[in-house]
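Trainee: I would like to learn how to read salt bridges and surface patches. Please take me through them one at a time.

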Amino acid sequence: MKILVLGGTGAMGHHLVNILAKEGHSVTVTSRKERTGSDNISYVRGNAKDYTFLRPLLLSTKWDAVIDFMVYVPQEFAQRAELFLNSAKQYIFLSSARVYANSDAPITESSPRLLDVSKDKRFLSDEKYALAKAREENILFSSKNKNWTIIRPYITYDERRLQLGVLEKEIWLYRILNGKEILFSKDIAGNLTTLTYGRDVAEAVAKLTGNPKAMGEAFHITTEESIKWSEVLDIYAGVLSEKLGRKVSPRIIEKALNLSAKRAKYQVLYDRYYDRVFNNDKIKSVCPEIKFTPVRTGLKNALEKFLQKPSFITDNLWLNAREDAFMGETTPLKEITGFKSKIRYILLRYAPFIGEKI
């Protein structure tokens, strides 16, 4: 098959590209950076969010599948949806299991979505991630074309991406490796979450690619094993304490700092505050051979592998500055790339009421 992967260089995407290539498919991947291809993999440099770049690429051939990892606002997606569907035999849209509302029972693909049941008018008035994904799903649901497949992964991890509550490794792990404290909040610690190894999700997506049973269907691809965030912290702390030769423990606070942010608070209120437990019957009925890495083993192995060659992709100025302010610490400006970023960090650290508006 000829497969186009839009933005396929992240925690799931790089695994998926390699899996598809090893299966003998011809895989083309968009990337903003110059990358060198290999057997069955070629890269096209450009911004897949740029319509003037995207349209001719989609029309350059009749793709057997287009797999889309990009993040849109609904207006952008509405402009592109029919183009995607008309340019490929199958269009695979990466949504998110964050679309689901809270549920006392294990979540199935037909469980209520936040968009459909929330009464929070302020939350519903904006294009938050979970709402944007659900609105974009609706565009596909309402299309006359049914050659789409919706994938709803939840929190994925590998040696590139390791989350702790609402924090990416670029905050919590970067701080630990640089001798700083981190914060961990009680309001998230006791809640159940599901973390799925990125390669496992990629294996399942590969099996759905070109699969007629996947057409016009939505699937969440997550392990059914759930774990408390406090247990995730214990796994990370155990590995780090052993590798660094010192005890690693966070400062415990009552409430997540994200609750004081206009938009970031909704990830806490309408996701991390929920116990997330999933039912995988649907994906197993189509791909009965899929297996999921045990969470505790997978997280430990991923962190140990990362520590062999640490690499941080980005820094989150807002959260890093907030944690520094809370702890009475500072980040050396030489560690922050770019003059504007240095200025913004200073404002966020010492005058957040100004910095957050920039």
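Mentor: Start with one residue. Lys207 is partly exposed, its relative accessible area being 28%. Keep in mind that this is a predicted model.

Trainee: Which side chain does Lys207 meet in a salt bridge?

Mentor: The general idea is that side chains of opposite charge can pair when their charged atoms come close. Here the partner of Lys207 is Glu289, with 3.6 Å from N to O. Lys207 belongs to helix 9 (residues 198–208), while Glu289 sits in the loop between helix 12 (281–286) and helix 13 (295–308), so the pair ties together parts that are 82 residues apart in sequence. Glu289 is partly exposed too, at a relative accessible area of 47%.

Trainee: How many salt bridges does the structure hold?

Mentor: The count is 25. One of them is between the side chains of Glu76 and Lys49, at 3.7 Å from N to O. Glu76 is in helix 3 (residues 74–87) and Lys49 is in the loop between strand 3 (41–45) and helix 2 (51–59), so this pair ties together parts that are 27 residues apart in sequence. As for accessibility, Glu76 is partly exposed at 24%, and Lys49 is partly exposed at 25%.

Trainee: Is Lys128 buried or exposed?

Mentor: The cut-off matters here: buried means under 20% relative accessible area. Lys128 has 11%, so it counts as buried. Lys128 forms a salt bridge with Asp126, and their closest N and O atoms are 3.6 Å apart. Asp126 has a relative accessible area of 22% and is therefore partly exposed.

Trainee: Now the surface. Which residues form a nonpolar patch there?

Mentor: To be part of a patch, a residue needs over 30% relative accessible area and no salt bridge. In this model Leu333, Phe339, Ile343, Ile346 and Tyr350 form a nonpolar patch on the surface. Together they have about 500 Å² of accessible area.

Trainee: Where is Phe339 placed, in which helix?

Mentor: Phe339 is in helix 15, which covers residues 339–350. With a relative accessible area of 64%, Phe339 is exposed.

Technical notes
Residues numbered from 1 in each chain as written. Predicted model: local features only at pLDDT ≥ 70, side-chain atom pairs only at ≥ 80, totals over all residues. Heavy atoms only, no water. Patch = residues over 30% accessible without salt bridge, like charges linked within 9 Å, V, L, I, M, F, W, Y side chains within 5 Å. Areas by Shrake-Rupley, 256 points an atom, 1.4 Å probe, with all protein chains shown as cover. Salt bridge = Lys/Arg side-chain N within 4 Å of Asp/Glu carboxyl O. Helix = DSSP H or I, 4+ residues; strand = E, 2+ residues; numbered from the N terminus. Buried < 20%, exposed > 50% of the residue type's maximum accessible area, 1.4 Å probe, protein only.
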